[in-house]
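Here's a quick look at a few side chains and the surface around them. Have the sequence and model open as you read.

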Amino acid sequence: REVALAEVETGQQLRVRPGGKIPVDGAVIEGSCTVDESMLTGEPLAVERLVGDSVSSGTLLQSGSIVMRADRVGDNTLLAKIIDLVALAQRSQAPIQRLADVVAGWFVPVVVVAAIAAYLIWMAVGPEPAVTYALVACVSVLIIACPCALGLATPMSVMVGIGRGARDGVLVRDAHVLETLQSVDVLVCDKTGTLTEGRGSLSGMETFGSITETDLLRFAASVERVSEHPLAEAIVQASVARGLDLETPLDFESISGMGIQATVEGRVIVIGNEPLMASRDIDIGNANNVADQHRRSGAT
């Protein structure tokens, strides 16, 4: 039966179906799967989880069905602790905020004294009606020199800045980090999912012999459509964009760490790395040199 997340307790066994999110932190006790953990790690490539491996709440089950044991629920999950970390960072004080609080402690009484002095001066030497002019002068000093902005500007900026960053996946541990950031000369970033979209796309094709790019893409996509590899989706999407009609592959085989193989229209299609080609006695000729040129330019 399906249960509400609030009803899940430690030690219970939960079945998670393909396409569903891992509900709590726990361990796989039956089955195997591939999990998209990009919301935690920033890495877009799905990772394989087998019996005994840990899984985290909020991550997406891409393929496979598992039975997991709930080890940490509610506020004890990793996702809940990340949320608490963001909330704590929003409440933290930057060094400049502490300075602003000290200044505001002196500034408030000074403004009040200045407002009272303005009132008394206008009462003494101001034109008639003296009370009206004195009151306007007093209120004007309070409004113009209002110390509220001095005390509110920094905490509001910190709260809004950290909250905005959290929505974009940038977690700030403490407010003082934001102030330190102004003196940074070099910023080192993880590329995948941070500077790039984190999703693969087909950028080009190189053909050898008599095969055309259309046939190459059609054969490759026909095989890749049943593969669970993250780059397989990019190849299939490229074929969809070109409006190609894909065939149903036969005798599909996944060779771990090397590639895949299947039969399409009577042809044996092998897709994978150089060791796979060597194991099938396939002469790739100059293809590896061409591939190296693409790798040097940052392509996969």
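Leu135 counts as partly exposed because its relative accessibility is 49%; the cut-offs are under 20% relative accessible area for buried, over 50% for exposed and partly exposed in between, using a 1.4 Å probe and protein chains only. This is a predicted model, where local features need pLDDT of at least 70, side-chain atom pairs count only at pLDDT 80 or more, and totals for chains, interfaces and linings use all residues. Residues are numbered from 1 along each chain as its sequence is written, and side-chain values use heavy atoms, with hydrogens and water left out.

Leu135 sits in helix α4, residues 130-144 (helices are DSSP runs of H or I, at least four residues, numbered from the N terminus). Its C-alpha atom is 8.7 Å from that of Ala118, 17 residues apart along the chain.

Now for Ser239, which lies in helix α8, residues 230-241. What does Ser239 touch, leaving out residues up to four places away in sequence? Leu217, Ala221, Leu244 and Leu246, with contact meaning heavy atoms within 4.5 Å.

Side by side, the accessibilities look like this:

| Residue | Relative accessibility | Class |
|---|---|---|
| Leu135 | 49% | partly exposed |
| Leu142 | 37% | partly exposed |
| Ser239 | 0% | buried |

Key:
Helices (H or I, at least four residues) and strands (E, at least two) are DSSP runs, numbered from the N terminus.
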